[in-house]
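Have the sequence and the 3D view open as you read.

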Amino acid sequence: MVTRLDIKTTMKRLYVTILLLATAVCMSYAQVKVTLQSPRQAEVGQRIRVSYIANTTDVEDIQVGEFPGFEVLYGPSTSTSRSMSIVNGNASQSATMTFTYTLLATEAGNHQIPAATVVVDGKSYKSQSTGIEVLPSSSNDKQADDQGNDHGNGANQRQGKQAQVKSIGDSELYMTVTASKKEIFEQEAVLITYKLYSLVNIQQLAGEIPQLDGCHVQELDSKAQMSLKYERVNGRNYATGIWRQYVLYPQKTGKLTIPSTTFDSQIEVRNTTMDPFDIFFGGGSLTQLVSKKIVTPAIDIDVKPLPSPRPDNFSGAVGKFSVSATLSPEQINANDAATLKLVVSGVGNMKLMKAPKINFPQDFEIYDPKETDKTTNTASGAKGNFVYDYVIVPRHGGKYSISPVEFVYFDTESKQYQTLHTDSFSISVAKPKGGSQVAYREQEDLKIIDNDIRFIKLGDAKSDSPEDSFLFSASYWAIYACLIVTFIVVILVFNRQIKEKANVARHRGRRAGKAAVRRLANAAKLMKRHESGPFFDEVMKALLGYASDKLNIPTSGLNKDNVSDKLVERGVEESLVREYMDVLSECEFARYAPGDPEATMDKIYSRASEVINKMDNIIRKTK
């Protein structure tokens, strides 16, 4: 008996079969493509593999030209592969046929790997050709392997051997440090490149450049995988690769020294004294890792001051820039907001320049510009756009003109200050909604009154009698009493306000620790989300906010000297004060410092929590 379930299963299988057949038919009509895979470099005496891959298994024939500079050791070897997948009822199928040649490089120079032509269903399809660089063989002598061929002395002799390995010389593994420029101006970008040269099988490499005082540092492609290629140096073929690149922006003049740096490496070498019998019975390995320290040389860069005198409206930008601006809207009502958008484009120290000052009409209410960073780090400096949005609110009606915006920067190509101007803008401001009359901006000249001296009144003068005198009258004493009462009330209110302010300051001081804990909790959430910038901002707020609340110092008045003095007065040890200052400096520097942001955030978070807890306990005890 055929059930409904069996019918449904049969229909489903039929559907899948039809779908696969349709896919196969479509693939048979697809364009045949042949791709070539080969290394880009080799050295004389090295074996390489060259593969031609067709996206079909119906290849009837393949024809390949000569391989100049190479000897064909074997080939072509043929292999096929098929794959099929069904996702949400959509079937996909792929098939490839690979033809591989094993070649031996016999001649140094730049050679061409020829294209291959395959025949499918009587039609010919051709691949691309590619070039390959063949370097001469290295001139270094190969050291003989001490395999311990004499095994007749038995186990005692094998146990007496020491597992010595070949030492790695400085010429076999080293790193160079280069600067894109040896003489630059203050704030000008300079690229520092750490490049690795290796003749050995390096497995691990770790190290970072030291912190540089008075220098803003940005790392390029720190997460990118190092790509090695051959370079011939002094008759030897080194595997080379860029380890790290940093863009520096010197903040002070004089000699900038990139100090010597030590990197730790792990290298895989052959264990020449290991007995093959021990290896066979699980007693060791033919290879082992050895450690080697790579010490880079120090380099100096001459940092020149910017030419004097500097223009008064110099933005601090150094590089090559252009500027544009737009105003929107150009017709608004009084008390409504408009936005002037200024865009600075180019390459240079864009993250360090100041927002340009704009001369707005006097009656405009101006807000601090919103800054949007749309730049990327390049070898020449930050490149892209930096956007400043100025929000303005006209308070009176009329027609106003906004002068062209000036942007002054130092051009590193011409070595001169350059001034850029935007267009001027006009804005029409109507009276506010609601019909209330608004005074217009245009001011009228004052009218001079013709008769500004009044006539003198003639006649007998009228004098007041003593009875009509105000002095010592009832009204006089009433006003006198009111003044005394008012004076007393003012004194009482003033004293009350002083006490309230003291209570507010005391309340802020008591809650300073809790406020800092809340900010650190927010910082912990940002650290889990790997948001390094907001994390460092929140930690800075926790540290500075604690000092402001606990010591009753306005945020605008916080500086290292008064905070240190106040903390010492409250009984905090000088060592703990220094630790607090160190955490502040480290947090501020960590925003741009190279290295692992995860480890840096965790370290700063722990130190900030610890120092706030210590200070809070000490200050509470000294009350």
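When two helices pack, an angle over 145 degrees between their N-to-C directions counts as roughly antiparallel. Keep that cut-off in mind as you look at this predicted model.

Start with helix α6, residues 532-551. At 1.5 Å a residue, its 20 residues should span 28 Å, and the 29 Å between its end C-alpha atoms agrees with that. Of those 20 residues, 14 are buried, so α6 is largely enclosed by the rest of the structure.

Now bring in helix α8, residues 574-590. How do α6 and α8 pack? Their axes lie 9 Å apart and meet at an angle of about 155°. The two helices are therefore roughly antiparallel to each other, and their crossing is left-handed. On the α6 side, the contact is made by F536, V539, M540, L543, L544 and A547. Facing them from α8 are Y580, V583, L584, C587, E588 and A590. Sorted by class, this contact has eleven nonpolar residues, one charged and no polar ones.

Is V44 buried or partly exposed? With a relative accessibility of 25%, V44 counts as partly exposed. Leaving aside neighbours within four places in sequence, V44 is in contact with A105, T106, E107, A108, V134, L135, P136 and S137. Its C-alpha atom is also separated by 7.8 Å from that of L104, a residue 60 places away along the chain.

Note on methods. Residues are numbered from 1 along each chain as its sequence is written. This is a predicted model: local features need pLDDT of at least 70, side-chain atom pairs count only at pLDDT 80 or more; totals for chains, interfaces and linings use all residues. Side-chain values use heavy atoms; hydrogens and water are left out. Helices (H or I, at least four residues) and strands (E, at least two) are DSSP runs, numbered from the N terminus. The expected span of a helix is 1.5 Å times one less than its number of residues. Buried means under 20% relative accessible area, exposed over 50%, partly exposed in between (1.4 Å probe, protein chains only). Axes are lines fitted to C-alpha atoms, for helices over the stretch in contact, and angles run from 0 to 180 degrees between N-to-C directions. Angles under 35 degrees count as roughly parallel, over 145 as roughly antiparallel, 65 to 115 as roughly perpendicular and the rest as oblique. A crossing is left-handed if the near helix is turned anticlockwise from the far one by less than a right angle, and right-handed if clockwise. Contact means heavy atoms within 4.5 Å. Ala, Val, Leu, Ile, Met, Phe, Trp, Tyr, Cys and Pro count as nonpolar, Asp, Glu, Lys and Arg as charged, and the others, Gly among them, as polar.
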